[in-house]
Amino acid sequence: MPLAFADPTDAAIPVDVIESDDVDAALEGLSAEARAWAKAQEFNGSLGQVLCLPDAKGGIARVLVGYGTAARRARDRFHIGAAAQKLPAGTYEIASGLRGDAMEEAALAWLLAGYSYDRYTKPSKPAARLVAPDEVDAGRIAIIANGEALTRELINTPPSDMGPDELEDAARALASEHEAGIHVITGDDLITSNFPMIHTVGRASCRAPRLIDMRWGDTGPQLTLVGKGVCFDTGGLNIKPGSSMGLMKKDMGGAATVLGLAHMIMALELPLRLRVLIPAVENSIDGSAFRPQDILMSRKGLTVEINNTDAEGRLVLADALTLSDEDDPALVISMATLTGAARVAVGADISPFYTDNDDHADALAKAARKVADPVWRMPFYEPYETMIEPGVADLDNAPKGGFAGSITAALFLRRFVESPYMHFDIYGWQPTAAPSRPRGGVGMGARAVLEALPEMLKL
């Protein structure tokens with residue numbers, strides 16, 4: 001079901017959000033009985049503490065939610081989502097304690113707390129629902145939440161039910177919802193259409209590789225989103241060990257993220273032209289699999305020496321990025337679960353990004369702080385260009401040595417695009433449950449990009 005706010009009602013249960021330093025003042029505003037109950041339950045306003053105050057009939061009269069201190073809150077985000085998950089089913093409204101950006105984050109957190117992946121299990125218990133606070137744009141927040149839910153759903157779906165075919169189906173459903181155009185090039189047609197590296201990476205699978213191309217909007221600057229759609233990655237002939245293959249259903253997390261972001265852009269009717277490109281493949285093994293030491297020709301005409309078949313994401317992205325450049329977009333953004341090196345650098349929670357444009361970087365960093373979607377700028381460090389130049393071909397897909405893996409991958413991709421470009425090397429996975437983020441697939445960077453687009457594209 002779509003994530004949605006509850007309809008306004010006089011029966012909504014009020015929720016007071018209380019910082020730990022304000023507990024005494026907040027309790028003074030309650031009845032003597034409620035104060036006594038709160039003190040008996042040792043309510044102290046600590047972050048995440050939830051106390052339901054009973055009414056005379058045994059129901060819930062009011063809810064107190066601890067909001068801790070500013071220093072403690074800074075260590076995470078979406079704290080109200082954790083409170084929402086502790087409450088019984090019912091309809092609630094935030095009555096006091098939050099304003100401005102904090103209220104917006106709380107409203108989004110509450111909606112996202114209602115997401116669970118239950119395709120193969122019994123549905124989760126009914127959620128505590130929130131009446132949209134008066135001061136927020138409820139429609140916008142619901143659109144953002146459902147874009148995030150789409151991303152999570154696609155990543156969480158196992159590869160048995162989320163191969164290139166099903167990823168195409170998801171893109172077609174989204175295009176139909178928003179009356180966007182869509183064109184898909186599949187199988188050997190990729191060869192005749194000059195997408196040789198997409199075809200090469202996906203040809204060993206019984207599920208045909210494809211390039212998904214969706215367009216929406218007819219006025220304004222063009223934004224092109226490119227998402228890595230490797231629906232499962234065995235590593236190819238450089239096969240991954242089992243421990244490394246366990247999460248490879250998420251290797252299409254870039255594609256899932258750009259589809260979620262595309263939903264937000266189209267549903268909000270931003271004044272731009274949107275193009276979404278997804279090379280959708282499965283990196284499998286049979287007699288036709290590409291090999292280490294092969295040299296591939298790309299759509300751009302650059303040759304690529306294969307030194308590791310497990311560095312396949314940059315190959316399929318390269319052909320898609322070349323296509324993205326061909327109609328002169330105002331901005332190209334690629335998103336990919338590309339390198340383990342990025343996780344070593346910044347961990348699972350931060351989205352590292354690359355751009356040569358300082359204004360774009362500043363706009364994104366500012367937006368990320370506003371919407372609690374953390375990002376970190378990484379460098380297109382040109383002295384490392386020699387690391388991706390093998391001598392026998394124009395480019396090396398997997399430089400030896402193990403240093404600067406995320407940077408060299410980003411430099412590789414930059415060789416294929418000349419338009420203004422931003423690249424995200426995301427993880428796409430929540431390793432342990434956190435407020436409003438259950439363990440599993442998660443969107444990264446999309447909300448920050450959405451918030452920054454008006455400044456980046458001068459909308």
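Colleague: Which residues of helix 7 are buried?

Modeller: In this predicted model, the buried residues of helix 7 are Pro164, Leu167, Glu168, Ala170, Ala171, Leu174, Ala175 and His178.

Colleague: Why are these residues said to line one face of helix 7?

Modeller: Viewed down the axis of helix 7, the buried residues fall within an arc of 160°, so they line one face. The background is that an α-helix has 3.6 residues a turn, so residues three or four places apart point the same way. The face turned away from the buried side carries the exposed residues Ser176 and Glu177.

Colleague: What do the buried residues of helix 7 pack against?

Modeller: Their partners are helix 6 (138–156), helix 11 (253–267), strand 6 (181–186), strand 7 (210–216), strand 9 (229–233) and strand 10 (273–283).

Colleague: What makes the span of helix 7 close to the expected one?

Modeller: Helix 7 covers residues 164–178, which is 15 residues, and reaches 21 Å from its first C-alpha to its last. The expected value at 1.5 Å a residue is 21 Å. Helix 6, with 19 residues, reaches 27 Å and is likewise close to its expected 27 Å.

Colleague: What makes helix 6 "mostly covered"?

Modeller: Of its 19 residues, 14 are buried.

Colleague: Why does Asn156 count as buried?

Modeller: Asn156, which lies in helix 6, has a relative accessibility of 7%. The cut-off for buried is under 20%, so Asn156 counts as buried at 7%.

Colleague: What does the side chain of Asn156 reach, and with which residues is Asn156 in contact?

Modeller: The side chain reaches the backbone nitrogen of Gly441 at 2.6 Å. A polar contact requires N or O atoms within 3.5 Å, and the value here is 2.6 Å. Neighbours within four places in sequence aside, Asn156 is in contact with Tyr115, Tyr117, Lys249, Trp429, Gly440 and Gly441.

Colleague: Is Phe78 buried or exposed, and how do you know?

Modeller: Its relative accessible area is 3%. Buried means under 20%, and Phe78 is therefore buried at 3%.

Colleague: Why is Asn194 called partly exposed?

Modeller: Asn194 has a relative accessible area of 35%. Under 20% would be buried and over 50% exposed, so Asn194 is partly exposed at 35%. Asn194 has a positive phi of about 65° although it is not a glycine, and its place is in the loop between helix 8 (189–192) and helix 9 (196–202).

Colleague: What is the order of the open sheet of five strands, and what makes two of its strands edge strands?

Modeller: The order is 2-3-1-4-5, with mixed pairing. Strand 2 (50–54) and strand 5 (128–130) are the edge strands, as each pairs on one side only. Neighbouring strands of this sheet are turned by 35° against each other on average, direction ignored.

Colleague: In which sense do strand 2 and strand 3 pair?

Modeller: Strand 2 and strand 3 (residues 60–66) pair in the antiparallel sense over five bridges. Cys52 has Val63 in strand 3 as its bridge partner.

Technical notes. Residues are numbered from 1 along each chain as its sequence is written. This is a predicted model: local features need pLDDT of at least 70, side-chain atom pairs count only at pLDDT 80 or more; totals for chains, interfaces and linings use all residues. Side-chain values use heavy atoms; hydrogens and water are left out. Helices (H or I, at least four residues) and strands (E, at least two) are DSSP runs, numbered from the N terminus. The expected span of a helix is 1.5 Å times one less than its number of residues. Buried means under 20% relative accessible area, exposed over 50%, partly exposed in between (1.4 Å probe, protein chains only). The arc is that of the directions from the helix axis to the C-beta atoms. Contact means heavy atoms within 4.5 Å. Two strands pair if DSSP finds at least two bridges between them. Axes are lines fitted to C-alpha atoms, for helices over the stretch in contact, and angles run from 0 to 180 degrees between N-to-C directions. A polar contact is a pair of N or O atoms within 3.5 Å; within protein, one must be able to donate a hydrogen and the other to accept it, and residues adjacent in sequence count only if both atoms are side-chain atoms.
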